[in-house]
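Please look over the sequence and the 3D structure shown here before reading the report.

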Amino acid sequence: QLEQDQRADARQQQRHQHGLDISFYLLGATPTMPSVAWGALRYGIKPELYALSSIINLLVFAAIVVLYFVIRADKRRPAE
C-alpha cells in the first residue's frame with residue numbers, strides 16, 4: 001500500500017511539473033508581473049520588486065480614494 005501511495009504521489013507531482021513547464025513555455029518573450037513575482041520567490045526578492053509593488057499599491061489606493069470622493073460629490077448634488 002505504501003509503495004502504491006508513493007507511486008501515485010510521484011505521478012501527481014510529474015503532472016503538476018508538466019503543467020508548470022507548459023505554463024512557462026506559453027508565457028512568451030515578455031515576462032508578466034506574476035511571472036516576475038513567481039521567479040523572485042524562487043531566487044529571492046530584489047528591492048526593485050518591492051518598489052514596483054509599492055508603486056502599484058499606491059496607485060490602486062489613490063484610485064480608490066479618488067473614486068470615493070467622486071461618488072460622494074455626485075450624491076451631494078441635488079437631483080434635477
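The report below covers the fold elements, the surface and the aromatic contacts.

## Model and secondary structure

The model is predicted. The protein chain has three helices and zero strands, and its elements follow the order α-α-α from the N terminus. Helix α3 spans residues 47-76.

## Burial and accessible surface

The protein chain has 80 residues, of which 4% count as buried. Its accessible surface is about 7,600 Å². Carbon and sulfur atoms account for 64% of that surface.

## Nonpolar patch

Met33, Leu52, Ile56, Val60 and Ile64 make a nonpolar surface patch of about 400 Å². Helix α3 supplies the largest share of this patch, with four residues.

One of the patch residues, Val60, lies in helix α3. Val60 has a relative accessibility of 45% and therefore counts as partly exposed, because that class lies between the limits of 20% for buried and 50% for exposed.

## Aromatic pair

One aromatic pair is present in the structure. It is formed by Tyr68 and Phe69, whose ring centres are 5.3 Å apart and whose planes stand at 70°, so the pair is edge-to-face. The class follows because planes over 60 degrees apart count as edge-to-face.

Phe69, a member of this pair, has a relative accessibility of 46%, so Phe69 counts as partly exposed.

Methods
Residues numbered from 1 in each chain as written. Predicted model: local features only at pLDDT ≥ 70, side-chain atom pairs only at ≥ 80, totals over all residues. Heavy atoms only, no water. Helix = DSSP H or I, 4+ residues; strand = E, 2+ residues; numbered from the N terminus. Buried < 20%, exposed > 50% of the residue type's maximum accessible area, 1.4 Å probe, protein only. Areas by Shrake-Rupley, 256 points an atom, 1.4 Å probe, with all protein chains shown as cover. Patch = residues over 30% accessible without salt bridge, like charges linked within 9 Å, V, L, I, M, F, W, Y side chains within 5 Å. Salt bridge = Lys/Arg side-chain N within 4 Å of Asp/Glu carboxyl O. Phe/Tyr/Trp six-rings, centres within 6.5 Å; stacked < 30°, edge-to-face > 60°.
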